[in-house]
Amino acid sequence: MGRITLDKVEKRFGDVQVIPPLDLTIEEGEFVVFVGPSGCGKSTLLRLIAGLEDVSGGQIRIDGNDATMIPPAKRGLAMVFQSYALYPHMSVRKNIAFPLKMAGMDKAEQDRRIDNAAKILNLTDYIDRKPGQLSGGQRQRVAIGRAIVREPAAFLFDEPLSNLDAALRVGMRLEITELHSRLKTTMIYVTHDQVEAMTMADKIVVLRAGHIEQVGSPLELYRRPRNLFVAGFIGSPKMNLIAGAEAAKHNATTIGIRPEHMGVSKTEGMWKGRVGVSEHLGSDTFFYVHDTGLTDGITVRVPGEFDLKSGDTVYLTPDMTHLHKFDDKGLRIE
Ligand SMILES: Nc1ncnc2c1ncn2[C@@H]1O[C@H](COP(=O)(O)OP(=O)(O)OP(=O)(O)O)[C@@H](O)[C@H]1O
Ligand SMILES: [Mg+2]
């Protein structure tokens, strides 16, 4: 259960085409992440799958059945939003029970599902509290619990962690990944957080202006971005993109080299520059190198500490085994 197929799915708001006809298959049990810049159509695509928006064209199939005209409640999908919208006057138990009660489910079956979800999400000790007596992470878990008890064919998450602070996000990220490996239910997860996409996904779908730029595993996208957009979008800090004479030497219009694939020396190397800002993370150091004559501000990432100050001369040597080449249309060569 939980195979979702989009066949030429299209969305227009009035005259504005937000999603041009798009094809995508999400396999049963897959964890698929939609990423892309703000306004590229991630939420719209998720809402089309959920049935919260009507398609302007095309077909959505869930487990082989045409679901295009089926109302959201009958699609067997459960959505978790960024704002978790719990009922403040109801206990955790009642909040989780709500969709089951609405569906008129038998009380014993309701309790079985709620107790099971509470156990999976470590909410058993909080089951009688009101949302106001919970932390942000616990509240988000209640919202996920409300989705779990419906035993959906797929979970749809729209930036569920973006209201949480950094430490909680990391914790919840792991919890959702573990939840997926335990439930093995299809999950579609929207985020613009790089790290979430890379660490959680079986498959990443990179969107731009409503169309798919590339679909692949996190490492496929990292190792072989299909075009300049994906090259610049996947990876943090961003890949350095160099055009002009240096790229022409490699029979390319643009060459790309990731910050972590750049060798650094104080004495010798291929490109000479001057250190600008450096950022010391402890585990890594990022340098921004200027005046190389290539492109302004080459970013370099070295593990651990590296003793360079602003204004120092530095030599950079790219690791040629990790060189990316792009043609005049911005498409990957080789
Ligand atoms: N109801 C609507 N009417 C008109 N335009 C809309 C409507 N909903 C969304 N849009 C437009 O559709 C485009 C895609 O919006 P969407 O919310 O899907 O983007 P997103 O990728 O989720 O962005 P973000 O990362 O900011 O959440 C945007 O240009 C947005 O302005
Ligand atoms: Mg959105």
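Trainee: A polar contact is a pair of N or O atoms within 3.5 Å; within protein, one must be able to donate a hydrogen and the other to accept it, and residues adjacent in sequence count only if both atoms are side-chain atoms. How far is an oxygen atom of ligand 1 from an N or O atom in the side chain of Ser38?

Mentor: Residues are numbered from 1 along each chain as its sequence is written, with chains lettered from A and ligands numbered from 1 in written order. This is a predicted model, in which local features need pLDDT of at least 70, side-chain atom pairs count only at pLDDT 80 or more, and totals for chains, interfaces and linings use all residues; side-chain values use heavy atoms, without hydrogens and water. For Ser38, the distance to an oxygen atom of ligand 1 is 2.5 Å.

Trainee: What share of the accessible area of ligand 1 does the protein cover?

Mentor: Backbone polar atoms also approach ligand 1: one of Gly39 lies 2.8 Å from a ligand oxygen, and an N or O of Gly41 lies 3.0 Å from one. On its own, ligand 1 has 630 Å² of accessible area (Shrake-Rupley, 1.4 Å probe).

Trainee: Which helix gives the most to the shell around ligand 1?

Mentor: The shell (residues with a heavy atom within 4 Å) includes Phe13, Val18, Lys42, Ser43, Thr44, Glu159 and His192. Its residues divide into four nonpolar, six polar and two charged, with Gly counted as polar and Cys and Pro as nonpolar. Helices are DSSP H or I runs of at least four residues and strands are E runs of at least two. With three residues, the helix that gives the most is H1 (residues 42-50).

Trainee: What angle does the direction of H1 make with that of E1?

Mentor: An open antiparallel sheet has the order E2-E1-E4-E5, where strands pair if DSSP finds at least two bridges between them. Edge strands E2 (16-26) and E5 (65-66) each have a single partner, so one side of each is left without a neighbour in the sheet. Five bridges join E1 (residues 4-13) to E4 (residues 57-62), and Asp7 stands opposite Gln59. H1 packs on this sheet, touching E1, E2 and E4 (heavy atoms within 4.5 Å), and its angle with E1 (fitted C-alpha axes, N-to-C, 0 to 180 degrees) is about 120°.

Trainee: In the sheet E11-E12-E18, what is the average twist from one strand to the next?

Mentor: These three strands form an open sheet with antiparallel pairing. E11 (240-243) and E18 (324-326) stand at the edges, so each has one side without a neighbour in the sheet. From one strand to the next, the twist averages 25°.

Trainee: Which residue of E18 is the bridge partner of Ile255?

Mentor: Strand E12 (residues 254-257) pairs with E18 in the antiparallel sense over three bridges. The partner of Ile255 in E18 is Lys325.

Trainee: What is omega for the cis peptide bond joining Ser236 and Pro237?

Mentor: Pro237 lies in the loop between helix H8 (228-233) and E11. For its cis bond with Ser236, omega is about -5°.

Trainee: What is the phi of Glu151?

Mentor: Glu151 sits in the loop between helix H4 (136-148) and strand E7 (154-158). Although Glu151 is not a glycine, its phi is positive, about 45°.
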